[in-house]
Amino acid sequence: MDSSVFSFTPLPADFDAADALRIAVQPGMSCRGWPAGAGTTALENFTALEDAFVIQQLKQTGMVIAGATRMSELGLGLTRDTGALAVTDGRADAALIIDYLGEARAAGAKARIFGFKPSWGSVSRQGLTGLVPSMECWGITGRRILDIQQVMTAICAPDDHDFSMHPGPLPDFTESHQFQDRAPVIGVADGYDASLTPEEIRAWKSGLAALETAGCRITRISLPDAALFSLAHHIIASVEASSSAGRYDGVRYGHRTSASDNWNEMYLKTRGESFGTLIKSFLFQGAYFQFQQYATFEQACRLRGLLMDQTLATLSELDGLAGLTITDKADPVAAQTIDHTYQAFGFTLPASLTGLPAVQIPGLACHGSKDFGLHITGKPFKDPDLLALARFLENMGNTGGTP
Amino acid sequence: MTYEAVIGLEIHVELNTPTKLFCDCPNDPGNAPNTHICPTCLWLPGALPRLSRTVVEKAVTACLALNCTIQNRSAFDQKVYYYPDLPKGYQLSQHHHPLARNGSLDVDTGNSVPRHLRIHHIHLEEDVAKLIHDTEGCTPVSLVDFNRAGVPLIEVVTEPDIRTPDEAMAFLKLLRTRIRYTGASECSLEKGSMRVDANISIRPQGSTAFNTKVEVKNMNSIQHVGDAVAHEIQRQTACMEKGDPIVLHTRLWDPDKQVTTPMREKFAGPCVPDPSVPPIQVDDAWLAQKKAALPEMPDRRRERFVTDYGLARDEAGAISRERDLAEFFETIAKRYTHPRKAANWIISQLVPALRDQDRVVSQVFLTPERFMALLTLVDTEEINAAAAKAVLVQMLSTDQPPETIVDTHGFRQVSDTGALEKIVETVLTGHPSDVEDYRAGNPKVMGFLMGRAMKAARGKANPKLMKEILTRKLSQ
């Protein structure tokens, strides 16, 4: 059954899940027998042959896969995405949204609910139709941090099918992680507000005040090269996408062009007809760096390492690094170009580039009717601590969620 | 002007692991099309590669056999090219950080000093699918068989040290022998488990410049490599002498016409690191284990066979070329009093018999113990050499000791003097003019008469005794 929220669901609208959590997924996440076109013509006839590891884990813990939402092409950006809507409309308790730039967190901010991105390597990517292998992960949006914690408890487990998972112990969400015995220490980058609009500054100050009211200790930190996160992300992600998207040739299970003189022509035409403008732009940009400016790609990789080192050094003294989730400059739901997309996700993409866990908290960084979302980045593989901090703030203040 | 060739080889070797490189599908590309496939080797959306530990172990062993330095850290890249045999658009290959570097082989080319030919690096990569061009009615169709997709390969990339077709062939033969010794691959160009591309350029003799090279593909035997390289040297030399420029491109060897022809290029781009396959980390202790487990290599074994068992160098070389044959020989040589006789029997009788059956010694019923028993039957004159050859052939496919075969088929030698004298008399009576010829002073007739006598005895006669009787009767 299709709806404006779901592109596919096997459940009736009045389905009663009893106490089970209902999870919405994107059609780029493999659910056996479900359409898995990932929002692209290149895969429009592809049906998943097996459940993704994450889906298996959710089912094993008794959760119900409520349906597949609509999604942007291959999950890049949020145009057409209905994951957060599935939650706010009450069709699901949590929605899984593939996260390259901060899609799950930005979707949460737009819908005034929570959004979370786990550490890269803590959740198996098997069954995820991705575009940027070194950044993609299963993002989660939900009304309550508790629901996100429950989802993470189910899906954060070793999987022999994903060799890129963290080789050490994975985060343990069953342990108690609380901030009752000490004040959480939250870092704020020097000069962070320099690029904010007056309205954003007021919302930001409101967010900081809410953190202090909740008992957090705010400390100033230095991230001298923070302006380079977006550049490094853009170059690396587009190159990875340009290379990896070859898999989605369209020929085998998606749209195949009707006329061509030979197979090379057929492949070229099929790809040309299969991808939308945003993805094509991204792939062209990546191809440019890959084929014409490879040294720049290598520099971007080195820059990524530098930014990672700086961020980790900063986080060593903190419980989290705070900022806003979305900006007024570009709307993540409406961004139609790569430039706008990068502007819209400018606050969330550093966590994607560095593979760190990050959470979007609604209701704290507001001004007037606008909620820009409070974004906190955590330490690597300390995802349970970060969610505990979010829950602490959820319980202490008016975050808009349901405590 | 005299030119010299500058030749580098790129050799793909298919590893004989039970499974493919990144999934658990059987590594058996020869089966019915598209039967050994899964989401990973079909590269369906959401499938992830899982690196096989066994592949890495076999690859490391092969690299050690080629005297390479194993790198502590190697990693896979996405090698982008678009062609229907690679529908996912990239091949996982170790472009930036190969598994091994700086190898070499000392190749015997008939000169007093072996040629030291260097290997630049060896990397792991997955094989691509196989294209089958067919027709459906009158419509030409191209089909894709994914059984081969994901089969593990190592690619050996040499330095441009090779100068002649003979050196290229000698290098390939030694490389094949050494890798076969490790058990990592059969290395058969004919069966496709080894594929060779040659990069060839020419320059004036004495120059150190590297000129524009031409790559030659599609060579299905070591002899084809030699022929193709020789042809390409001739072709380029003719171009240079005419003043035609050498253009960087790829050519195909046509073994029927004995020429190279230009081929269409595949589009290929730079390699991007693949984040889904973690880097291979090799620690010193593990590597030390692998080095210790490396079998004795054929060239060293050849020298030892000369020293330990008194074989001639060429005999030792022939015996040590294949590991199982060398081990077969050595098991015998340690217990049998005439090792060189055993070597001669292996080279002159066993190896041709195996070749006739397209098998190797480990695939037949013959054991070193049974082979030794056969030689002992010859030594004790229980059977003669002709009978032993016939018994040997039967021993390859029959699970029986030689004594049983000898008795069952009546191969036992006849040494009964009375019986042999009767045979000789019959032969001499039947060939009076030959007897007269011999007695008139033509000794060559002896061979003819001996042959007749042995034939009359159905090959079972003791030849020494038979000859004594024949000589005696002829002189009477």
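Which residue forms a salt bridge with B:Glu57? The partner is B:Arg53, and the closest N and O atoms of the pair are 3.4 Å apart. A salt bridge here is a side-chain nitrogen of Lys or Arg within 4 Å of a carboxyl oxygen of Asp or Glu. Over all chains, a search of the whole structure finds 42 salt bridges.

This is a predicted model: local features need pLDDT of at least 70, side-chain atom pairs count only at pLDDT 80 or more, and totals for chains, interfaces and linings use all residues. Residues are numbered from 1 along each chain as its sequence is written, chains are lettered from A and ligands numbered from 1 in the order in which they are written, and side-chain values use heavy atoms, with hydrogens and water left out.

Turn to chain A. Its 11 strands form an open sheet with mixed pairing, in the order E1-E3-E2-E4-E6-E5-E10-E13-E9-E7-E8. Strands are DSSP runs of E with at least two residues, helices are runs of H or I with at least four, and both are numbered from the N terminus. Two strands pair if DSSP finds at least two bridges between them. The edges are strand E1 (6-8) and strand E8 (217-221) of chain A, each pairing on one side only. On average, neighbouring strands of this sheet are turned by 30 degrees against each other, direction ignored. Axes are lines fitted to C-alpha atoms, for helices over the stretch in contact, and angles run from 0 to 180 degrees between N-to-C directions.

Within this sheet, strand E7 (residues 185-189) and strand E9 (residues 320-324) of chain A run parallel, joined by two bridges. A:Ile186 has A:Gly320 in E9(A) as its bridge partner. Helices pack on the sheet too. Helix H4 (residues 145-155) of chain A touches several strands, including strand E2 (22-25) and strand E6 (137-142) of chain A. Its direction makes about 150 degrees with that of E6(A). Helix H5 (residues 198-213) of chain A touches E7, E8, E9 and strand E13 (374-377) of chain A, and makes about 145 degrees with E9(A).

Chain B has hairpins. Strand E12 (residues 249-254) and strand E13 (residues 259-262) of chain B pair in the antiparallel sense over four bridges. B:Leu252 stands opposite B:Thr261. Four residues lie between the two strands, and B:Gln258 in the turn has a positive phi of about 60 degrees. E7(B) also pairs with strand E8 (residues 139-145) of chain B, antiparallel and over seven bridges. This hairpin has two residues between its strands, and B:Gly137 in the turn has a positive phi of about 65 degrees.

Now to where the chains meet. In all, 35 residues of chain B are in contact (heavy atoms within 4.5 Å) with 37 residues of chain A. Together the chains bury about 3000 Å², 62% of it on carbon and sulfur atoms. Buried area is the accessible area (1.4 Å probe) that two parts lose on being put together, summed over both. B:Pro45, B:Leu48 and B:Pro275 supply 20% of the area that chain B buries against chain A, more than any other three residues. Zero salt bridges are found across this interface.
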